[in-house]
Amino acid sequence: MPKVKPLNWFNPKKTLSSGNTEFQALLDLLPYPALAVNLEQDTIQHANQRAIELTGLTHQELRARMLSQLLPASQLESLGEAPASLQPVSLTRHRGTVVEVYLELHSLGPDVASHILKLEPAQEHDRLERQRRQQQRYSTRMAGFLAALQETDPAQALEHVLEASLALLEADTIGLYQATGDHPGAALRISLGQHTDLLPMEL
């Protein structure tokens, strides 16, 4: 009679070894402060150099601390439902100093108990957000400028190009001057904006 292999009804998730040098090397490649954590055990298993600089703690000191000693326990509990914090939370650093950070939790897979916890300083987060919004505005305005160049009516095309240029340059007034071969200067042909009366008629 063939032997029947017993079913493994309980398959615990894998945990990262604190001596996993390959994983530590990969963590150090991340361009932001990051910790490898086990939320259920409230432990810190690895930290990259940026996290060490942010917290002011050594790698050994971080691994000796509970995660809830650095971050509010209530916020850690909510990360299971919402893996990114919408508001900055207080990170307790070396000697009790505090810095505001945004949290973002990344899974290492369904069979791994550990997660990567991104710690983004609020100041850096706000700078990147402003940069993102500025780039989005620029892209929208550039699309309007390029669309204006496709106008078939020259008069409408000129007006729309000026409107798009006004938005693209974030100016309050813009004018187009036209020069002719028999005139030493240039005459104002069309203008748009808040202070068109301040533009000289000739240059």
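This text walks through a predicted model, from its overall build to single residues.

Residues are numbered from 1 along each chain as its sequence is written.

Start with the elements. The protein has six helices and seven strands. Both are DSSP runs, numbered from the N terminus: helices are H or I with at least four residues, strands are E with at least two. Read from the N terminus, the order is α-β-β-α-α-α-β-β-β-α-α-β-β.

Now the overall dimensions. The C-alpha trace spans about 105 × 60 × 30 Å along its principal axes. The radius of gyration is 29 Å, whereas a compact globule of 203 residues would have one near 17 Å. That radius is taken over C-alpha atoms, and the globule rule is 2.2 Å times the number of residues to the power 0.38.

Of the 203 residues, 31% count as buried. Buried means under 20% relative accessible area, exposed means over 50%, and partly exposed lies in between, with a 1.4 Å probe and protein chains only. Among contacts with a separation of 6 or more, 36% join residues 24 or more positions apart. A contact means heavy atoms within 4.5 Å.

Next, look inside. The largest nonpolar core holds 22 residues. Such a core is a set of buried Ala, Val, Leu, Ile, Met, Phe, Trp, Tyr and Cys residues joined through side-chain atoms within 4.5 Å. Leu-35, Leu-62, Leu-67, Leu-71, Val-101, Leu-103 and Leu-117 touch the most other members. Six elements each supply at least two residues of this core: strand 1 (34–38), strand 2 (43–47), helix 2 (49–55), strand 3 (89–92), strand 4 (98–107) and strand 5 (115–121). Strand 4 gives the most, with four residues.

Take Leu-71 as a way in. Leaving aside neighbours within four places in sequence, Leu-71 is in contact with Leu-76, Val-89, Ser-90, Leu-91, Val-101, Leu-103, Leu-117 and Leu-119. Another core, of six residues, lies apart from the largest one; Leu-16, Leu-27, Ala-34 and Ala-36 are among its members.

Two loops deserve a stop. Most residues other than glycine have a negative phi. Asp-42 has a positive phi, near 60°. Asp-42 sits in the loop between strand 1 and strand 2, and is buried at 17% relative accessible area. Glu-170 also has a positive phi, about 55°, although it is not a glycine. Its loop runs between helix 6 (154–168) and strand 6 (173–179). Glu-170 counts as exposed, at 52% relative accessibility.

Finish with the later part of the chain. Leu-158 is in helix 6. Its relative accessible area is 22%, so Leu-158 is partly exposed. Beyond neighbours within four places in sequence, Leu-158 is in contact with Leu-176, Arg-189 and Ile-190. Val-98 is 60 residues away from Leu-158 in sequence and 55 Å away in space, C-alpha to C-alpha.

Ser-191 belongs to strand 7 (residues 186–193). Ser-191 is partly exposed, at 25% relative accessibility. Apart from neighbours within four places in sequence, Ser-191 is in contact with Ile-174, Gly-175, Thr-196 and Leu-199. Tyr-177 is 14 residues from Ser-191 along the chain, and their C-alpha atoms are separated by 8.8 Å.

Terms used: Predicted model: local features only at pLDDT ≥ 70, side-chain atom pairs only at ≥ 80, totals over all residues. Heavy atoms only, no water.
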